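Please read the report below with the sequence and the 3D view open beside it.

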Amino acid sequence: MTRKENFLKGFFKENPLFVLLLGCCPALAITTSVENAIGMTIAFTFVVTLSNLFISLINLNEKIREFIRPIRIAVYIVIIATLVTIVEMVMEAYLPELYNSLGVFISLITVNCIVLGRAEAYASKNKPLDSIIDGITMGLGYGLALLIISFIREFLGSGTITIWKELKIDLTGLYKALNIEPISFFKSSAGAFLVLGIVLGILQAIKNRKARKTKEKRVVKE
Amino acid sequence: MKKHLITGLTLALFALICGGLLAFINMFTSPMIKAREEKKIEESISIVFDAYKSGDYTKEEFNREGVVLGYYIINNQTNEKEAVIYIIESQGYASKIRMMIGVNKDNKITGYTVISQAETKGDITAHDFNMNGKSNLDEFDSLAGSTYSSKAVKKNFSLALSYAKVDLGGNAND
Amino acid sequence: MTIRDIITILISAILIENVLLSQFLGVCSFLGVSKSRKNAVGMGISVVSVILIATVVTWLIYNYVLKALDLVYLRTIVFILVIASLVQIIEILIKKFVPSLYKSLGIYLPLITTNCAVLGVALKAVNNDLSFGHMLLYAFGSGIGFLLVMYIFSLIREELDKRNVPKAMRGVPIALIVASILAILFSRYVGISPKEKEIKLENKAHVIEVMEEIPSEKYFEDLGGTIR
């Protein structure tokens, strides 16, 4: 896999949420506003990139790798938890509103399947630079997925798009023009499940269509 | 056996190093957080006891059973306790409601405000996600705020009034 | 703590603020495991036990060790290490004493470590400053709520697998749609009507000049709140 392919894979081909179906909990919980999605993406990408880096570094040396083999999961968890705690502390001090919105889900990055998954599946077997790229692409790819979901939920749910604190795009005018109200259902938990379900359904439909088309092409060739 | 011990100790050492790193960062972030909490308390007290803004009063923290925290509002000139402010909490139907309520010497309520659990001094607790964006369908019909049980609110008020009678004594309406 | 408080906390944890459908904790395992009834129940029971034990242990450590040493910021690390160790210990115990259970649970047991529900409930219990009794009820209720939803969900999914689901929706998408419907049901207090009237207060401060007595409900109405 070339460096470029490695960098791009997290966005579409191996998108952690949409393709690998990991990290659903925050995707449902915090996607009530675009601002939350952006904040979570920054925090998450920070953690997964650095965790990949450190775990890759540890596994570089043969002796160290063999030595920590029996306790490697525990070591990975300590690294990830430390990184998450750093994010918690910095966020609580400098970005308190975001900290309050994201709440316990910042701490839950520690047990996010994506972080531990990439550590075990990729970082422990690859060089540091590749691991960093893998972390960045997975983090940003996850962020892209979160953004799409929160865009839908916030637009349908409250008619605004909150990019950062006061920086909002107020689209309620659109609603007024059509004489309807934003549907607050989409901000609720049931709405979260529904949006994610429909988005995944659409993606699966596209995937099925592609698979069918390639099958047809193959049949025609023969 | 020896190998297990060594690996165990390595893990412990590693955890200690990480802990040390976090302690270092904490030295910087902790004061910022504490300062912000102090500011919030000052703001809330100004809301609950309007005259506090003028600077003619000092607050004195105290603990008592039944409240989360209490503050005496002392007149700087006379050194008398003019009012008492309680941070008080009661269990409602589906959640707790925490309020700051001020009661003056005449046993009348000077003001009140609803505060979230995160705004208590001393405890650097994370603001629980549930307090802000509850996922009950009904709330999103409202513009702001959460749903509280009226009984819990009333309980907060009646407790504040009865505690104030004891803590301030004297001129209470009997 | 009155009986009424106990019931309130339990109903809130099991139904109204259900750990899966309302708080979104443990969703990954929920979507992955709930396909068969047996797996769902097995997973559910193990998660309940781990949540209960882990929350108690972490609560004790938080309130008696971390707070005393002013090391509150270490809670994430300490909690996750405690949970990981607990799961390891439980795994060893089950392997030794109930090997048949160990076989059927298989890989699900170690995976409970990374289940957001366990860490999530433990963190919420200390973040919300719960008392010991409240914490016990909350942890127990959350676990029961998790089990309940897993079971109902597995029943529905077993039936769904027999029907003709549109190809695009098969698997996870239709599961999420079903979860959405369940979430609606659970959020509506499932048939229990609150005896107390719920009022909505603006989350701003209200300054009152002088109040003679405890405000009546009319007062809150006049403030702009609505009585439901």
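**Basis of the model**

This is a predicted model, in which local features need pLDDT of at least 70 and side-chain atom pairs count only at pLDDT 80 or more, while totals for chains, interfaces and linings use all residues. Residues are numbered from 1 along each chain as its sequence is written, chains are lettered from A and ligands numbered from 1 in the order in which they are written, and side-chain values use heavy atoms, with hydrogens and water left out.

The pLDDT is the predictor's confidence in each residue, from 0 to 100. Chain B has a mean pLDDT of 71, and 72% of its residues reach 70 or more. In residues 117-148 of chain B the pLDDT is below 50, and this stretch has 106 contacts in the model beyond near neighbours in sequence. A contact means heavy atoms within 4.5 Å.

**Chains A and C**

Helices (H or I, at least four residues) and strands (E, at least two) are DSSP runs, numbered from the N terminus. Buried means under 20% relative accessible area, exposed means over 50%, and partly exposed is in between, with a 1.4 Å probe and protein chains only.

Along the sequence, chain A has the pattern α-α-α-α-α-α-α-α-α-β-β-α-α. For chain C the pattern is α-α-α-α-α-α-α-α-α-β-β-α. If contacts in chain A between residues at least 6 apart in sequence are taken, 73% of them join residues at least 24 apart. The corresponding value for chain C is 75%.

**Nonpolar cores**

A nonpolar core is a set of buried Ala, Val, Leu, Ile, Met, Phe, Trp, Tyr and Cys residues joined through side-chain atoms within 4.5 Å. In soluble globular proteins, nonpolar side chains tend to be buried together.

Which residues touch the most other members of the largest nonpolar core? They are Phe105(A), Val27(C) and Phe30(C), in a core of 127 residues. Helix α5 (residues 72-94) of chain A gives the most to this core, namely 12 residues. Apart from neighbours within four places in sequence, Val27(C) is in contact with Cys24(A), Cys25(A), Leu28(A) and Leu20(C). A second, separate core has 21 residues, among them Tyr72(B), Val103(B), Val153(B) and Ala164(B).

**Helix packing**

Axes are lines fitted to C-alpha atoms, for helices over the stretch in contact, and angles run from 0 to 180 degrees between N-to-C directions. Angles under 35 degrees count as roughly parallel, over 145 as roughly antiparallel, 65 to 115 as roughly perpendicular and the rest as oblique.

Helix α11 (residues 189-221) of chain A packs with helix α9 (residues 172-187) of chain C at an angle of about 165°, and their axes are 8 Å apart. These two helices, α11(A) and α9(C), are therefore roughly antiparallel to each other. Residues of α11(A) that take part include Phe193(A), Leu194(A) and Gly197(A), and those of α9(C) include Leu176(C), Ile177(C) and Ala183(C).

Within chain A, α5(A) and helix α8 (residues 113-121) pack at an angle of about 130°, with axes 11 Å apart. Therefore α5(A) and α8(A) are oblique to each other. Here Arg72(A), Ile73(A), Tyr76(A), Ile77(A) and Ile80(A) in α5(A) meet Val115(A), Leu116(A), Ala119(A) and Glu120(A) in α8(A).

**Single residues**

Is Glu35(A) buried or exposed? Glu35(A) counts as buried because its relative accessibility is 15%. This residue lies in helix α3 (residues 34-60) of chain A. Glu35(A) and Trp164(A) are 129 residues apart in sequence, but 5.3 Å apart in space from C-alpha to C-alpha. Beyond neighbours within four places in sequence, the contacts of Glu35(A) are Leu98(A), Thr162(A), Ile163(A), Trp164(A) and Lys165(A).

Glu97(A) belongs to helix α6 (residues 96-102) of chain A, and counts as partly exposed at 47% relative accessibility.

Most residues other than glycine have a negative phi. Leu21(A) has a positive phi, near 55°, and lies in the loop between α1 (3-8) and α2 (24-29) of chain A. Asp70(C) also has a positive phi, of about 60°, and lies in the loop between α3 (37-66) and α4 (75-97) of chain C. At 55% relative accessibility, Asp70(C) counts as exposed.
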